[in-house]
There are 2 protein chains.
Amino acid sequence: MLTKKAKYGLKAMVHLAGVRPGETALVADIAASNQIPKKFLDAILGELRNAGFVHSKKGKGGGYMLARPPSEIGVGNIVRALDGPLAPIQCASKTVYRRCDDCTDETRCAVRLVMLRAREAIAEVLDKTSLEQMRGLGESGDGVRLLVGGGVVRQAMDMA
Amino acid sequence: MLTKKAKYGLKAMVHLAGVRPGETALVADIAASNQIPKKFLDAILGELRNAGFVHSKKGKGGGYMLARPPSEIGVGNIVRALDGPLAPIQCASKTVYRRCDDCTDETRCAVRLVMLRAREAIAEVLDKTSLEQMRGLGESGDGVRLLVGGGVVRQAMDMA
DNA sequence: ATCCTACTCTATAAATCTAGTCAACTTTGT
DNA sequence: ACAAAGTTGACTAGATTTATAGAGTAGGAT
């Protein structure tokens, strides 16, 4: 499960991808239009700044802006910066692999092997989607058809 | 990120899938051979029992056993029972959908739309793998080649 | 100088993870 | 029938992470 931190962070990044290049957005505005607790968003944007995803400017006319064009920012990397590895389990991570203390024989741990598959599937989606593409998803109207894996899935009606 | 509860639960289920049908396994044994804190495992197996995945028997010769053959138990459902929905975010869940309080227009929320894809990808892996298949993964020796999505991925070496 | 804005520090409430203690039940030996 | 031992089950408690709020500091624009 994604934490709220990552969720809010992604929303903020989408918001920033929507401002004209060279202009900034205020934390207060981002927070208000996305229903995010402002102080929490402060901290989140701070982390994203430290991770090099955004730049900040203080004082009047200040605010946040993306550090690179949204087409060059991968959704997966934003999530990694805020929530850590994509893998459901540390020992299945490729970027931040860490042996898990239980598990004597890693190469035969069934849980890890399944979670490696899951990690691969998640990364396939998140790492191949840029911030720009993600923002694009939200711009088409209702009844969107969303391509998922091999098949086509209809949105917004069949989810209860 | 999967919680330890789900991770331990899966390990326990794999263990149970390994005992001869009709026989039981002791919590203490499962805990010892999988390096799981016994008391925690007690609680986890309790939940799995309430969810109908396992049966328990008290007293001498007691213990736990699977409620159904491992080929009929989906890995995804075990995870759901312990950690809740597979979707990284509640509003992207199909089984336990719940509107998220932030987000005025769900059908256009870019974060949700991306996470729907991720959910689909995760479910594709976890719901199409039975407990029996998962157990099978851990039984081949080293240097296993694991089919993932479209491509082939080599294990155990390239993960630092 | 003063306003505006990002930034820092501290604190609180909830959830997760783990351990300890004791109660309830089931089989077995006498 | 009764006691004893083996086992799950329930209840409490502490440590750690997550999510949020408040008050105040620092830096830049006019």
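# Briefing on chains A and B and DNA strand D

The surface near DNA strand D draws on both protein chains: α1 and α3 (38-50) of chain A, together with α2 (27-34), α3 (38-50) and β2 (63-66) of chain B, each supply at least two of its residues. The model described here is predicted. Chain A and chain B also touch each other, through 45 residues from chain A and 46 residues from chain B. Within chain A, the points below cover two domains and the packing of α1(A) with α4(A).

**Surface near DNA strand D**

- With four residues, α3(B) gives the most to the surface near DNA strand D.
- There are 25 residues around DNA strand D, and those that come nearest are Thr3(A), Pro37(A) and Gly59(A), along with Ser56(B) and Gly59(B).
- By residue class, the surface near DNA strand D holds nine charged, eight polar and eight nonpolar residues.

**Contact between chain A and chain B**

- The contact takes 45 residues from chain A and 46 residues from chain B.
- On the side of chain A that touches chain B, at least two residues each come from α1 (4-17), α5 (110-126), α6 (131-137) and β3 (145-148) of chain A.
- The largest share of that side of chain A comes from α5(A), which supplies 13 residues.
- The side of chain A that touches chain B comprises 28 nonpolar, seven polar and ten charged residues.

**Domains of chain A**

- Chain A is divided into domain 1, spanning 4-70, and domain 2, spanning 85-148.
- The C-alpha centres of domain 1 of chain A and domain 2 of chain A are 24 Å apart.
- The contact between these domains takes five residues from domain 1 of chain A and five residues from domain 2 of chain A.
- On the side of domain 1 of chain A that touches domain 2 of chain A, four residues are nonpolar, one is polar and none is charged.

**Packing of α1(A) with α4(A)**

- Helix α4 of chain A covers residues 75-83, and α1(A) packs with α4(A) at an angle of about 140°, the axes lying 9 Å apart.
- This angle makes α1(A) oblique to α4(A).
- The two helices, α1(A) and α4(A), form a right-handed crossing.
- From α1(A), the contact is made by Lys5(A), Ala6(A), Gly9(A), Leu10(A) and Met13(A); from α4(A), the contact is made by Ile78(A), Val79(A), Leu82(A) and Asp83(A).
- The contact of α1(A) with α4(A) contains six nonpolar residues, one polar residue and two charged residues.

Note on methods: Residues are numbered from 1 along each chain as its sequence is written. Chains are lettered from A and ligands numbered from 1 in the order in which they are written. This is a predicted model: local features need pLDDT of at least 70, side-chain atom pairs count only at pLDDT 80 or more; totals for chains, interfaces and linings use all residues. Two residues are in contact if their C-beta atoms, placed from the backbone, lie within 7 Å. Ala, Val, Leu, Ile, Met, Phe, Trp, Tyr, Cys and Pro count as nonpolar, Asp, Glu, Lys and Arg as charged, and the others, Gly among them, as polar. Domain bounds come from an automatic or database domain assignment. A residue is near a molecule or strand if its C-beta atom, placed from the backbone, lies within 6 Å of it. Axes are lines fitted to C-alpha atoms, for helices over the stretch in contact, and angles run from 0 to 180 degrees between N-to-C directions. Angles under 35 degrees count as roughly parallel, over 145 as roughly antiparallel, 65 to 115 as roughly perpendicular and the rest as oblique. A crossing is left-handed if the near helix is turned anticlockwise from the far one by less than a right angle, and right-handed if clockwise.
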